[in-house]
Amino acid sequence: MSLFAVILLAGILAPWLTPYDPLYQDYNSILLPPSLAHPFGTDMNGRDILARTLFGTRIDLWIGFITTIVPLLYGVFLGAVSGYLGGKLDMILMRVLDVAIAFPFLVLIIVIIAVLGPGVHSIYIAVFLVGWTMYARLARAEMLVERNKDYVLAARVLGFGRWRIIFGHALPNLINSSIVFSMSDFVLNILLLSGLSFLGLGVAPPAPEWGAMIAESKDYMRQAWWVTTMPAAAIVLTGTALSLIGDGLAQRFGQNRRSLM
């Protein structure tokens, strides 16, 4: 948690942590190695890599958060409602899930973005269309167990409505597994964004996004190792921090994290 807090604060305080503009090109400072003036060095356009990495934190964390929280919300909603009500709704949802899961996640994302065109909005739409499936499966499986427990049966006997039982009683008890999984999903979405940007399908240069930074500077790896190492290290540190949070939540909630993957 502390590591992620440091990363988050670094992104929030980016304008105050570095005097450099992440987009400013200084052609007198091309490919300078790490130094006191430029702790992370500069890239092939003379831009300060520390500034670009810090400002890139904002982009990657924000997009990663949005592409995680939105599918979490409506995926859990659909799964919980379907699991409780059953019938045709549950059958339709399961067939949709079967079709969605039959195709590799990354392939579906790339196909949707290829149709819509590269860009952040296309990433949002693609992940919103595909990313909810695991949350729906988890919520549905949990609801199938919860709906037969004594407290739900008691609520029915007392005459509580379906929606009150689902969202007021059952949902707080089944949401834990989805929250634990969301930490892994957060990591995967950051890696997805970086990968898509590296392929030219995500955030376009010169925006300081980690994957785009690596893609721009990949031809300079041998002569200037820092141009790709620094943004790559930011990806690894962020993924590690979120994974540790997920492990901590799994222990607190009594979940087996590997069984959710």
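Reader: Is Asp98 buried, partly exposed or exposed?
Author: This is a predicted model, and the answer is taken from its computed accessible areas. Asp98 has a relative accessibility of 40%, so Asp98 counts as partly exposed.

Reader: Which residues are linked with Asp43 in a network of salt bridges?
Author: Asp43 is buried, with a relative accessible area of 5%. Its side chain meets that of Arg47 in a salt bridge of 2.9 Å, N to O, and Arg47 is buried too. A salt bridge of 3.9 Å, N to O, joins Asp43 to Arg52, which is buried at 1% relative accessible area. The residues linked with Asp43 in the network are Arg47, Arg52 and Glu216.

Reader: Why do the buried residues of H5 line one face of the helix?
Author: Helix H5 (residues 105–116) has 12 residues and spans 17 Å from first to last C-alpha, close to the expected 16 Å. Its buried residues are Ile109, Ile112 and Ile113, while Ala114 and Val115 are exposed on the other side. Helix H6 (120–130) and helix H9 (162–198) are among the elements that cover the buried residues. Those residues line one face because, seen down the axis of H5, they fall within an arc of 95 degrees.

Reader: Which residue with a positive phi follows H5?
Author: Helix H5 covers residues 105–116. The phi of the residue that follows is near 105 degrees, and that residue is Gly117.

Reader: Which helix gives the most to the nonpolar patch?
Author: The patch covers about 620 Å² and is made by Leu8, Leu9, Ile12, Leu13, Trp16 and Leu17. Helix H1 (2–12) and helix H2 (14–17) each give two or more residues to the patch. Leu13 sits in the loop between H1 and H2, and is partly exposed at 36% relative accessible area. With 3 residues, the helix that gives the most is H1.

Technical notes:
Residues numbered from 1 in each chain as written. Predicted model: local features only at pLDDT ≥ 70, side-chain atom pairs only at ≥ 80, totals over all residues. Heavy atoms only, no water. Patch = residues over 30% accessible without salt bridge, like charges linked within 9 Å, V, L, I, M, F, W, Y side chains within 5 Å. Areas by Shrake-Rupley, 256 points an atom, 1.4 Å probe, with all protein chains shown as cover. Salt bridge = Lys/Arg side-chain N within 4 Å of Asp/Glu carboxyl O. Helix = DSSP H or I, 4+ residues; strand = E, 2+ residues; numbered from the N terminus. Buried < 20%, exposed > 50% of the residue type's maximum accessible area, 1.4 Å probe, protein only. Expected span 1.5 Å × (residues − 1). Arc of directions from axis to C-beta. Contact = heavy atoms within 4.5 Å.
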